[in-house]
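Hi,

Here is the structure I promised to pass on. Please have a look at it first; my notes on what I found follow below.

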Amino acid sequence: METIRTIIEENRLYIHFQPILSMRGRVMFGVEALLRGSDREGSTIPPIRLFAQAAEEGAEALLDARARQLAIEAFYVLWRENPKLLLFVNIESQMIEGFGAENYLFDGLLRRLGIPYGNIVLEIKEDEVENTRRLQEFCTHYRGLGFGIALDDFGIGRSSFDRLSIVRPDIIKIDRSLVSGIEHDYIHQEIVRTICKMSANIGALALAEGVETLDEAVHSTYLGATLVQGFWFARPSQEPLSHEYAKKVEQVMSRSHQIVIEKHRQREHLRLEADNLCNDLKEALDNIENLSEWNAHVDDVIEKYSDIEAIYLINAHARQVGQTLMRCTTRVFFEPTEEGSDLSYKDYYTQARESIRGSHLTGNYVSLASGNICCTYARKIDLRGELHVLCVDFMR
Ligand code: G
Ligand code: MN
């Protein structure tokens, strides 16, 4: 390949922008600047090859600075049309490793153009930076100036949770490997849900990267991502057009809202069924002499209900009454709780006892007993004038 210096001198570097969309604001929230080169024949040179070539020549800093300059100049045009638009720029990790006070990323260009620092988001790949102190100094410096900070590719490689308190990101970009095919992957759904929840709790926005299908966009949004970026909305291009995405954002929001409604409907249905079961069980239990043998007297009742994994009874002192009734095959390491076990740590026990409704339905989780996805319905019932909580695990 020809040298980076030649490519720079012959102005064969250019910037593509990929839109980042806000699902709630229903607008183009920002654009990520992505560097491209072209060879003399006009074929595209991807950024990885440009930077690899620059590394061979020891010209990384030169290429990096030129890329940023081009990005800002091109962004200037978009920003003048829409002063709220943010520019996301990728920061090469060596720039962070080599960070010193004399090291200015923007060389006064932003000030000359009048673009506020707050319109710029620095994307950093935390896991590529060895020197934690430098990382901290870098983030503190630019955050202090008013720049936004995004953690790029969160969730892959060695990128991890431990440096969140150092970087204090404004935006967490969830890597595409977690987003791809998310509608079929229960575990990825839980990871993304958790990252989104954590983001919200630490004052960051969660962004789903690399969304390639409507389903991926819908599920990421449903799980809590407020920002979405990917080929399904737009490929990187020289002129991202805001109005083209409104329809797609609309579609995603409406599908994701449908999922919320559908889940609610299913849960209400399950509550009704669970309540009927509890009523039937109470009737059967009211007539038993020795309550700790209740297990032996409910076969007729539960026969009518499908999808039950387990049933257990807890008394007013949070102790289990009788055995756990298991209706699924259990995994080898699983031991059901025994008669007399202290179950006061179970959140749903307290919820059912203390809530006005007198019942509680947990979210879905994978049962330790069966390995199936299930949820627990806990309901307060009165047996012989004493408070009890009846718990039923349902397969989902
Ligand atoms: O590492 P970083 O997240 O900055 O990488 C951005 C790269 O991801 C860009 O090169 C961009 O072209 C690419 N990209 C953007 N959207 C998608 C997508 O939906 N699918 C895939 N596979 N790549 C994408
Ligand atoms: Mn990036």
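E32 has a polar side-chain atom 3.0 Å from an oxygen atom of ligand 1, which counts as a polar contact (a pair of N or O atoms within 3.5 Å; within protein, one must be able to donate a hydrogen and the other to accept it, and residues adjacent in sequence count only if both atoms are side-chain atoms). On its own, ligand 1 has 510 Å² of accessible area, and the protein covers 73% of that (Shrake-Rupley method, 1.4 Å probe; for residues, only the protein chains shown count as cover).

Before going on, a word on conventions. This is a predicted model, in which local features need pLDDT of at least 70 and side-chain atom pairs count only at pLDDT 80 or more, while totals for chains, interfaces and linings use all residues. Residues are numbered from 1 along each chain as its sequence is written, chains are lettered from A and ligands numbered from 1 in the order in which they are written, and side-chain values use heavy atoms, with hydrogens and water left out.

Back to the ligand. Ligand 1 sits in the largest pocket. Here a pocket is an open set of points on a 1 Å grid over the protein atoms alone, with protein on both sides within 12 Å along at least five of seven lines, and a molecule sits in it if more than half of its atoms lie within 2 Å of its grid points. The elements giving two or more residues to the shell around ligand 1 are β2 (27-38) and β6, and β2 gives the most, with three residues. (Strands are DSSP runs of E with at least two residues, helices runs of H or I with at least four, numbered from the N terminus.) In total, 17 residues surround ligand 1, and the closest are Q18, K125, E209, E212 and F231; the cut-off is a heavy atom within 4 Å.

Which residues hold the manganese ion, ligand 2? E32 (OE), N90 (OD1), E123 (OE) and D152 (OD) coordinate the ion at 2.0 to 2.4 Å. Donors are N, O and S atoms within 2.8 Å of the metal (3.2 Å for Na, K and Ca), and water is not among the atoms, so the site may look incomplete. The donor residues follow the spacing E-x57-N-x32-E-x28-D in sequence. E123 lies in strand β5 (residues 120-124) and D152 in strand β6 (residues 148-154), so this pair ties together parts 29 residues apart in sequence. Both E123 and D152 are buried (under 20% relative accessible area; exposed is over 50%, partly exposed in between, with a 1.4 Å probe and protein chains only).

Two backbone angles may interest you as well. Most residues other than glycine have a negative phi. D153, not a glycine, has a positive phi of about 50°; D153 lies in strand β6 and is buried at 19% relative accessibility. D307 also has a positive phi, of about 70°, but sits in the loop between α12 (299-303) and β10 (308-315) and is partly exposed at 41%.

Lastly, a glycine: G30 lies in strand β2 and is buried, with a relative accessible area of 0%.

Best wishes

Technical notes
1 Å grid on protein atoms, 1.4 Å probe; cavity = no way out; pocket = protein on both sides within 12 Å on 5 of 7 lines; lining within 4 Å.
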